[in-house]
Amino acid sequence: MRVTRRDVAIRAGVSEASVSYVMNKSRSVSPETTKKVWDAVKELNYTADMVARSMVKNETKQLAGLANDLSNPYFAEIITGFENAAIDNDYLVSICTGQRETEKYIQHLIARRIDGVFITGPPYMSDQRYREIIGSMVDGDVRVLINGIILKDCRDISHIYVDHTLGIEKAVAHLKNMGHTCIAMLSTFARNNTFDPSDRLFFSAMEKMLPDSEPIFVGEIATRNPDMDSGYRLMQKLMAEHPEVTAVLCLNDLMAYGAIRAISDKGKSVPGDISVVGMDDIYISTKFSPSLTSIGFNKLEYGKLAFDVLHRHIRHNTVDDVIVSTELFIRDSTGPVHR
């Protein structure tokens with residue numbers, strides 16, 4: 001037979017209201033009463049009826065984290081930070097990948113009346129369709145937090161955004177100081193795309209610090225998945241079309257690993273022949289050989305911050321735009337020009 005809140009109140013010798021105040025932390029209660037309630041909860045193995053609570057308070061205490069590639073430690077670290085903060089605040093988090101049937105996920109999230117969703121990366125669909133499905137969540141009274149700049153024009157959606165401006169400028173300055181003037185960028189996005197501004201920041205940094213050098217951009221617009229395979233392919237293309245390049249900036253660390261492998265398979269060395277810089281600074285970047293110079297930030301703390309932003313949106317209907325800056329972490333994959 002299910003244990004009720006009334007059973008807890010009887011065991012603790014307090015009112016049901018006191019049990020509610022203690023468990024919901026909705027009102028100050030004496031330490032003595034608080035201890036009695038939690039002792040009774042433990043003895044009776046009581047679990048709150050979240051379905052009943054959601055009907056009364058019009059909230060489910062459920063969130064979703066939508067990531068397009070959990071095999072990338074970048075997303076895994078952010079989602080872990082987000083989930084840890086959510087659990088500390090008594091939320092259940094469903095982790096969803098956006099690699100297939102994203103629209104079906106969205107339909108399920110709306111139908112289950114979750115309180116909010118954190119979208120960590122752009123799913124594989126057109127910009128217009130992306131707007132439509134995000135709009136369907138907003139219309140379904142789901143609070144939405146997007147990691148990135150997409151839909152910044154929508155006043156009903158919160159955003160948390162990693163500003164790579166400083167990190168990319170420091171990376172270009174670092175390469176320039178080691179004698180590099182012919183620098184390229186590899187990306188799985190097209191130039192001037194709506195999802196990621198890294199290409200524009202790279203061109204701006206090059207114009208600012210190396211105005212007499214022509215920046216080189218190699219993209220692969222058939223896929224938005226920046227992984228080791230795409231890094232390998234794009235690096236092969238870069239070396240074939242621009243053998244003069246001595247340094248390359250990759251859209252993320254996984255692409256950088258693929259680029260390093262392509263350089264090695266070509267019989268060249270890193271950083272002896274070509275210096276490589278990644279972005280995201282995932283935790284294995286220090287373990288890779290050579291260790292990877294990368295632009296990054298604290299992703300666990302970023303995930304916790306994302307929860308705070310979404311929580312404010314849920315509790316107070318406050319729409320926020322939060323920006324986090326990046327830093328350059330210099331390691332063994334960059335070095336002086338040798339030619």
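Here are some notes on the predicted model, point by point.

1. Overall make-up. The protein chain has 339 residues, and 52% of them count as buried. Its secondary structure comes to 12 helices and 12 strands. Along the principal axes, the C-alpha atoms fill a box of roughly 80 × 40 × 35 Å. If you look at contacts with a separation of 6 or more, 74% are between residues 24 or more positions apart.

2. Cysteines. You won't find a disulfide here: the count is zero. Take Cys 182, which is in no disulfide and has the sulfur of Cys 250 as its nearest cysteine sulfur, 15 Å away. For a pair to count, the two sulfurs would have to be within 2.5 Å. Cys 182 counts as buried, with 16% relative accessibility. Cys 96 is also buried, at a relative accessible area of 6%.

3. Helix 1 against helix 3. Helix 1 covers residues 5-12 and helix 3 covers residues 31-44; their axes are 8 Å apart and the packing angle is about 120°. That angle is why helix 1 is described as oblique to helix 3. The crossing of the two is right-handed. On the helix 1 side the contact uses Asp 7, Val 8, Arg 11 and Ala 12, while helix 3 brings Lys 36, Val 37, Ala 40, Val 41, Glu 43 and Leu 44. Sorted by class, the contact of helix 1 with helix 3 has six nonpolar and four charged residues, with no polar ones.

4. Helix 10 against helix 11. Here the axes come within 7 Å, with helix 10 (residues 228-241) and helix 11 (residues 253-265) crossing at roughly 45°. Helix 10 and helix 11 are therefore oblique to each other, and helix 10 passes helix 11 in a right-handed crossing. From helix 10, the residues that take part are Met 228, Ser 230, Gly 231, Tyr 232, Leu 234, Met 235, Gln 236 and Met 239. They meet a set in helix 11 that includes Leu 254, Met 255, Tyr 257, Ala 259, Arg 261 and Ile 263. The contact of helix 10 with helix 11 divides into 11 nonpolar, four polar and two charged residues.

5. Two cis prolines. Pro 271 sits in the loop between helix 11 and strand 9. Another cis peptide bond joins Ser 289 and Pro 290, where omega is about 0°. Pro 290 belongs to the loop between strand 9 and strand 10.

6. Asp 280 has phi near 115°, a positive value in a residue other than glycine. Asp 280 lies in strand 9 and counts as buried at 7% relative accessibility. Asn 192 is another non-glycine residue with positive phi, near 60°. Asn 192 is in the loop that links strand 6 (183-187) to helix 9 (198-209).

7. Asp 281. Where does Asp 281 lie? It is in the loop between strand 9 (275-280) and strand 10 (293-296). Is Asp 281 buried or exposed? With a relative accessible area of 13%, Asp 281 is buried, because the cut-off for that class is under 20%. Leaving aside neighbours within four places in sequence, Asp 281 is in contact with Asp 253, Ser 294, Ile 295, Gly 296, Lys 299, Phe 329 and Arg 331.

8. Ser 291. The loop between strand 9 and strand 10 also holds Ser 291. Ser 291 counts as buried, at 11% relative accessibility. Which residues does Ser 291 contact, leaving aside its neighbours within four places in sequence? Those are Ser 285, Thr 286, Arg 331, Asp 332 and Ser 333. Arg 331 turns up in the contacts of Asp 281 and in those of Ser 291.

How values were computed: Residues numbered from 1 in each chain as written. Predicted model: local features only at pLDDT ≥ 70, side-chain atom pairs only at ≥ 80, totals over all residues. Heavy atoms only, no water. Buried < 20%, exposed > 50% of the residue type's maximum accessible area, 1.4 Å probe, protein only. Helix = DSSP H or I, 4+ residues; strand = E, 2+ residues; numbered from the N terminus. Contact = heavy atoms within 4.5 Å. Axes fitted to C-alpha atoms, helices over the stretch in contact; angles between N-to-C directions. Parallel < 35°, antiparallel > 145°, perpendicular 65-115°, else oblique. Left-handed = near helix turned anticlockwise from the far one by under 90°. Nonpolar A, V, L, I, M, F, W, Y, C, P; charged D, E, K, R; others polar.
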